[in-house]
Amino acid sequence: MAIDVPELVDQVLAGNRQVIARALTLVESSKPSHREKAHEMLRQLAPHTGKAIRVGISGVPGAGKSTFINKMGTKLIKEHGHQVAVLAVDPSSTRTGGSILGDRTRMGELATLDDAFIRPSPSGGHLGGVARATREAMIVMEAAGYDVVLVETVGVGQSEVAVSEMVDTFLMLAVAGTGDQLQGIKKGILELADVVAVNKADGDNAGNARVSARELSIAMKLVQADQNRRVPVLTCSSYTGDGLDDLWQAVLDHREYLESDGSLQARRLEQQREWLWAMVEDEILESLRHEPKLREVAQRIEADMSIEATSALKGAEEILQTFAQVVPDLPWAQGTMGSQG
């Protein structure tokens with residue numbers, strides 16, 4: 001079926017949920033013809049974006065990220081009048097590319113609300129635990145009128161730096177535990193965190209949560225000693241809702257802090273630079289994988305390597321030489337990729 005970009009744009013701006021889903025599917029597609037249409041659509045949607053509160057949410061395994069988003073998103077809609085978009089990235093199989101896509105089942109209450117839109121998206125093995133098209137999906141959701149965009153990442157790891165490059169506030173969820181358990185949180189993540197929350201602070205676990213929050217607060221002072229702003233470490237419960245208002249206020253305070261010294265604009269500009277190079281790398285890698293002549297050369301080289309008839313170094317040189325030869329024939333080399341505006 002032909003893709004009518006102006007119609008897609010009009011319907012996304014009108015908040016048509018069915019068309020929003022189609023637009024997200026389009027930006028997730030890796031087909032060259034779809035990418036061209038997606039880029040044109042995003043160019044037209046971009047002027048209608050930029051005002052949403054963008055929050056990346058990560059955390060140690062078992063921290064309850066999806067349950068937290070369900071509770072927080074519901075509160076933001078019912079009590080604060082927000083429209084909430086959730087981009088929930090599931091881990092994809094590195095062998096099959098399959099994905100569980102089970103976040104929606106863990107956000108049952110939020111999923112029933114008209115002012116919420118939950119989009120599970122397989123990460124496709126992308127570094128950083130964030131789907132390749134997450135940046136583009138954020139533009140679609142903001143243009144559609146969602147003023148809070150929550151990005152749930154796969155999990156804690158050094159590569160989670162990717163999410164910090166596309167959101168305003170990076171929220172890290174932890175769970176109550178001993179100092180030894182806190183060792184499992186990588187220093188790189190603590191350096192990125194703008195707000196930290198110890199989740200599951202309810203019942204008999206409330207005391208442990210407060211202890212863990214104090215330990216994390218000390219850790220944050222050590223790893224972010226060179227920063228002017230003190231990163232708040234709070235406790236909350238996705239079960240009772242306790243602490244969620246204070247936590248959201250911390251997110252708003254962080255945004256106000258960024259706006260007050262002009263660093264929000266600087267951060268958004270830097271994110272555009274990161275997006276620029278991410279798109280360049282993505283288009284080049286897609287061409288390397290899917291251009292027929294390159295694929296033929298790569299298959300032959302891999303076969304030669306299996307019988308030790310060539311080396312990885314020589315093979316890489318030949319693939320790059322072939323790439324240089326076919327560049328003029330690739331869509332993006334002919335200027336048909338589309339403009340991001």
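**View 1. Overall view of the protein chain, with 15 helices and seven strands.** Helices (H or I, at least four residues) and strands (E, at least two) are DSSP runs, numbered from the N terminus. In this predicted model, local features need pLDDT of at least 70 and side-chain atom pairs count only at pLDDT 80 or more, whereas totals for chains, interfaces and linings use all residues. Residues are numbered from 1 along each chain as its sequence is written, and side-chain values use heavy atoms, with hydrogens and water left out. Of the 341 residues in the protein chain, 46% are buried, where buried means under 20% relative accessible area, exposed over 50%, and partly exposed in between (1.4 Å probe, protein chains only). Among contacts (heavy atoms within 4.5 Å) between residues at least 6 apart in sequence, 76% join residues at least 24 apart.

View 2. The buried residues of α12 are L244, L247, W248, A250, V251, H254, R255 and L258. These residues cover an arc of only 150° around the axis, which puts them on the same side of α12, the arc being that of the directions from the helix axis to the C-beta atoms. Exposed on the other side of α12 are D246, E256 and S260, and the helix is followed by G262, whose phi is positive, near 80°.

**View 3. Close-up of helix α14, residues 292–306.** From its first C-alpha to its last, this helix of 15 residues reaches 21 Å, close to the 21 Å expected at 1.5 Å a residue. L294, V297, A298 and I301 are buried in α14. Seen down the helix axis, the buried residues of α14 fall within an arc of 100°, so they line one face of the helix. The buried residues of α14 pack against α13 and α15 (312–326), while P292, E296, Q299 and S306 are exposed on the other side of α14.

**View 4. Close-up of a nonpolar surface patch made by L276, W277 and V280.** The patch amounts to about 300 Å², and one of its residues, L276, lies in helix α13 (residues 263–290). L276 is partly exposed, with a relative accessible area of 42%.

Technical notes. Patches are made of residues with over 30% relative accessible area and no salt bridge: like charges are joined within 9 Å, nonpolar side chains (Val, Leu, Ile, Met, Phe, Trp, Tyr) within 5 Å. Accessible areas come from the Shrake-Rupley method with a 1.4 Å probe; for residues, only the protein chains shown count as cover. A salt bridge is a side-chain nitrogen of Lys or Arg within 4 Å of a carboxyl oxygen of Asp or Glu. The expected span of a helix is 1.5 Å times one less than its number of residues.
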